[in-house]
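Here are my notes on the model you sent. They are in numbered points, each meant to be checked against the coordinates.

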Amino acid sequence: MATATLEIKKKWFFKVQGRMIYLYQKNETTGELIYPDETIANGLMFEGTAFIYPFVTNDPNQLVGNNNPTLTEPASVDEDAHVNLPIMLTLAVIDYVKAQMAENSGNLEMKEYFMREYHRKVGDYQSNKMKRNRIQVANPFGIR
């Protein structure tokens, strides 16, 4: 079974673009990605997560005991509703709202400050999602 899984990972590729998932097959002779030339009889399985509800009744960032909270959509969105975002993006949204409020009051310096904080937090969130291996090769002529 493990051999079949490795063969599938070498032969099939996908690309997510917006709400669409494009499936490609690697041509073994040329190495190019092409549209699949065979029928997939049993379907495909994709694992992932999605935000189903933009607003929820419980805070999605607080555990209930040792478990994730059960997220349900409120009947009406009011001040008690929580935004269904990770904590770093929630803080970024707060900075964005503060920037808009500062702009409405005519305080452009505070608006620029909060927009810098907003972009910094969104950048931190994006960089935390990236998993990269960092390899540093030692110089053969370096002092040890």
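How many salt bridges does a search of the whole structure find?

1. The model is predicted. A search of the whole structure turns up three salt bridges. Each is taken in turn below.

2. **Overall layout.** The protein has three helices and five strands. Along the sequence the order is α-β-β-β-β-β-α-α. There are 144 residues, and 14% of them count as buried. Take the contacts between residues at least 6 apart in sequence: 34% of these join residues at least 24 apart. The exposed surface comes to about 12,800 Å², with carbon and sulfur atoms supplying 54%.

3. **Helix 2, geometry.** Helix 2 covers residues 87-104, 18 residues in total. From first C-alpha to last it reaches 26 Å, close to the 26 Å expected at 1.5 Å a residue. Just after helix 2, glycine 106 takes a positive phi of about 90°.

4. **Helix 2, two faces.** The buried residues in helix 2 are Leu89, Ala92, Asp95, Ala99 and Ala102. Viewed down the axis of helix 2, they fall within an arc of 130°, so they line one face of the helix. Helix 3 (108-129) is included in what covers them. On the face turned away from the buried side sit the exposed residues Met101 and Asn104.

5. **Nonpolar surface patch.** Val93, Tyr96, Val97 and Met101 make up a nonpolar patch on the surface. Together they have about 350 Å² of accessible area. Valine 97 belongs to helix 2. Is valine 97 buried or partly exposed? Its relative accessible area is 41%, so valine 97 is partly exposed.

6. **Helix 3, geometry.** Helix 3 has 22 residues, which should span 32 Å at 1.5 Å a residue. Its end C-alpha atoms are 32 Å apart, in agreement with that value.

7. **Helix 3, two faces.** Phe114, Met115, Glu117, Lys121 and Tyr125 are buried in helix 3. Seen down the axis of helix 3, the buried residues lie within an arc of 160°, so they line one face. These buried residues pack against helix 2. The face of helix 3 turned away from its buried side carries exposed Leu108, Glu109, Arg116 and His119.

8. Aspartate 95 forms a salt bridge with lysine 121. The closest N and O atoms are 2.7 Å apart. The pair links distant parts of the chain: aspartate 95 is in helix 2, lysine 121 is in helix 3, and they are 26 residues apart.

9. **Burial of that pair.** Are aspartate 95 and lysine 121 buried or exposed? The cut-off for buried is under 20% relative accessible area. Aspartate 95 has 6%, so aspartate 95 is buried. Lysine 121 has 14% and therefore counts as buried too.

10. **Surroundings of aspartate 95.** Which residues does aspartate 95 contact, leaving aside neighbours within four places in sequence? They are Phe114, Glu117, Tyr118 and Lys121.

11. The side chains of arginine 120 and glutamate 117 meet in a salt bridge, 2.8 Å from N to O. Both residues lie in helix 3, three residues apart, about one turn of the helix. An α-helix has 3.6 residues a turn, so residues three or four places apart point the same way. Glutamate 117 counts as buried, at 18% relative accessibility. Arginine 120 is partly exposed, with a relative accessible area of 41%.

12. Aspartate 124 and arginine 120 lie four residues apart in helix 3, about one turn. Aspartate 124 is partly exposed, with a relative accessible area of 30%. Shared partners join Glu117, Arg120 and Asp124 into one network of salt bridges.

Terms used: Residues are numbered from 1 along each chain as its sequence is written. This is a predicted model: local features need pLDDT of at least 70, side-chain atom pairs count only at pLDDT 80 or more; totals for chains, interfaces and linings use all residues. Side-chain values use heavy atoms; hydrogens and water are left out. The expected span of a helix is 1.5 Å times one less than its number of residues. Buried means under 20% relative accessible area, exposed over 50%, partly exposed in between (1.4 Å probe, protein chains only). The arc is that of the directions from the helix axis to the C-beta atoms. Contact means heavy atoms within 4.5 Å. Patches are made of residues with over 30% relative accessible area and no salt bridge: like charges are joined within 9 Å, nonpolar side chains (Val, Leu, Ile, Met, Phe, Trp, Tyr) within 5 Å. Accessible areas come from the Shrake-Rupley method with a 1.4 Å probe; for residues, only the protein chains shown count as cover. A salt bridge is a side-chain nitrogen of Lys or Arg within 4 Å of a carboxyl oxygen of Asp or Glu.
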